[in-house]
Amino acid sequence: MNQCVAQKTVVPDELLGQLVDSTTLLRQPTDLRARLAADGYVLLRGVVGPAEVQAAREEVFGRLAEVGEIRLPPGEGIATGESRRKELVDDLGEFWRDVSKGPALRHASHGPSMREVMSTLIGVPARAHDYIFLRPGRPGQSTRLHYDRPFFARGSDRIYTAWLALGEVRGDEGPLMIIEGSNQFQDQIDAMQQVDYQSAQSPTAQVMSDTVEFVKSRASRLLTTEFGPGDLVVFDMLTLHGTLDNQSAAGRVRLSCDVRWQPATDPLDARYQGENPPGTTGAGYGELNGAKPLTEDWHTR
Ligand SMILES: O=C(O)CCC(=O)C(=O)O
């Protein structure tokens with residue numbers, strides 16, 4: 001694996017580990033669920049087929065090529081370093097909602113392969129939120145460490161994030177990382193549970209900027225891997241995660257999406273449902289980093 005960097009700091013080898021591959025446990029669902037409960041995550045390789053992933057990738061990057069952000073052919077995912085999105089698009093949120101509704105993307109993210117695996121993992125028929133976090137991560141960017149609970153825990157308490165690689169993601173292209181044992185960091189979990197993204201009084205301290213220092217201070221490790229198209233990481237709401245920096249010298253944009261899944265019969269959080277979901281803050285798809293032109297910086301969620 002290439003050198004791993006988190007928020008511009010090289011991650012020392014002793015702080016790095018590989019995500020455990022649980023693909024073979026798909027045939028032993030009880031053991032698979034036990035592993036998810038114990039580790040807070042499972043890595044499953046090749047859940048969505050390569051042709052489905054390629055179609056989704058070309059659809060998304062094709063839209064970004066139309067606004068001058070991705071070079072042709074779009075499937076390569078190479079950034080031009082330029083953007084005409086603001087000139088060509090009336091409403092950035094509406095543009096991103098439209099990209100996020102693409103049929104090939106939805107087939108990969110919400111289709112039968114994902115539904116079957118998520119139902120196996122949750123142990124009952126599962127359903128997904130309609131709202132999708134589609135993430136083209138260009139070189140220079142990363143997602144800082146955070147827990148997902150403050151965003152998604154209002155409907156079901158049996159909710160999981162499904163992070164899907166929409167193409168290859170090498171070690172230097174901003175792969176997902178999980179902090180080993182973070183589902184047992186009770187002080188962090190207690191603090192994070194006070195966060196309410198809809199309240200001005202809420203602490204926002206759960207997003208951390210110095211990943212390497214944090215991991216060292218916990219005597220933990222940062223777990224990651226190189227992803228192939230259609231590889232999936234499922235994690236619970238109490239597992240700290242983020243991404244490494246995308247340092248691709250070739251300008252390759254990391255493409256992934258994350259969607260929340262829960263038992264189909266549990267109450268749904270209305271913020272993430274429907275044709276035009278309000279999202280976490282009420283700004284709909286416009287609140288997502290993906291709605292910003294690829295040339296703009298973002299470092300938080
Ligand atoms: O892919 C990313 O940049 C971050 C993913 C994430 O935060 C999530 O899946 O909840």
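**Helix packing, sheet and ligand shell in a predicted model**

The crossing of helices α2 and α5 is left-handed, a term used when the near helix is turned anticlockwise from the far one by less than a right angle, with right-handed used if clockwise. Helix α2 covers residues 50-66 and helix α5 residues 103-110, and the two pack at an angle of about 140 degrees with their axes 7 Å apart. Helices (H or I, at least four residues) and strands (E, at least two) are DSSP runs numbered from the N terminus. Axes are lines fitted to C-alpha atoms, for helices over the stretch in contact, and angles run from 0 to 180 degrees between N-to-C directions.

The model is predicted, and local features need pLDDT of at least 70, side-chain atom pairs count only at pLDDT 80 or more, and totals for chains, interfaces and linings use all residues. Residues are numbered from 1 along each chain as its sequence is written.

From α2, the contact is made by Glu52, Val53, Ala55, Ala56, Glu59 and Val60, and from α5 by Ala104, Leu105, His107 and Ala108; contact requires C-beta atoms, placed from the backbone, to lie within 7 Å. By class, 7 of these residues are nonpolar, 1 is polar and 2 are charged. Here Ala, Val, Leu, Ile, Met, Phe, Trp, Tyr, Cys and Pro count as nonpolar, Asp, Glu, Lys and Arg as charged, and the others, Gly among them, as polar. In the loop between α2 and α3 (85-88) lies Pro73, and the peptide bond that joins Leu72 to Pro73 is cis, with omega near -5 degrees.

The strands include an open sheet of 4, in the order β3-β9-β8-β11 and with mixed pairing; two strands pair if DSSP finds at least two bridges between them. Strands β3 (16-18) and β11 (241-243) form the edges, each pairing on one side only. From one strand to the next, the twist averages 35 degrees. Strands β8 (residues 176-179) and β9 (residues 222-224) run antiparallel and are joined by 2 bridges. Ile178 has Leu223 in β9 as its bridge partner.

Strand β11 also contributes to the shell around the ligand: β6 (133-137), β7 (160-165), β11 and β12 (254-263) each supply at least two of its residues. Of the 12 residues around the ligand, those that come nearest are Arg135, Thr143, Trp163, Thr243 and Asp258; a residue is near if its C-beta atom, placed from the backbone, lies within 6 Å. The shell divides into 2 nonpolar, 6 polar and 4 charged residues.

Technical notes:
Two residues are in contact if their C-beta atoms, placed from the backbone, lie within 7 Å.
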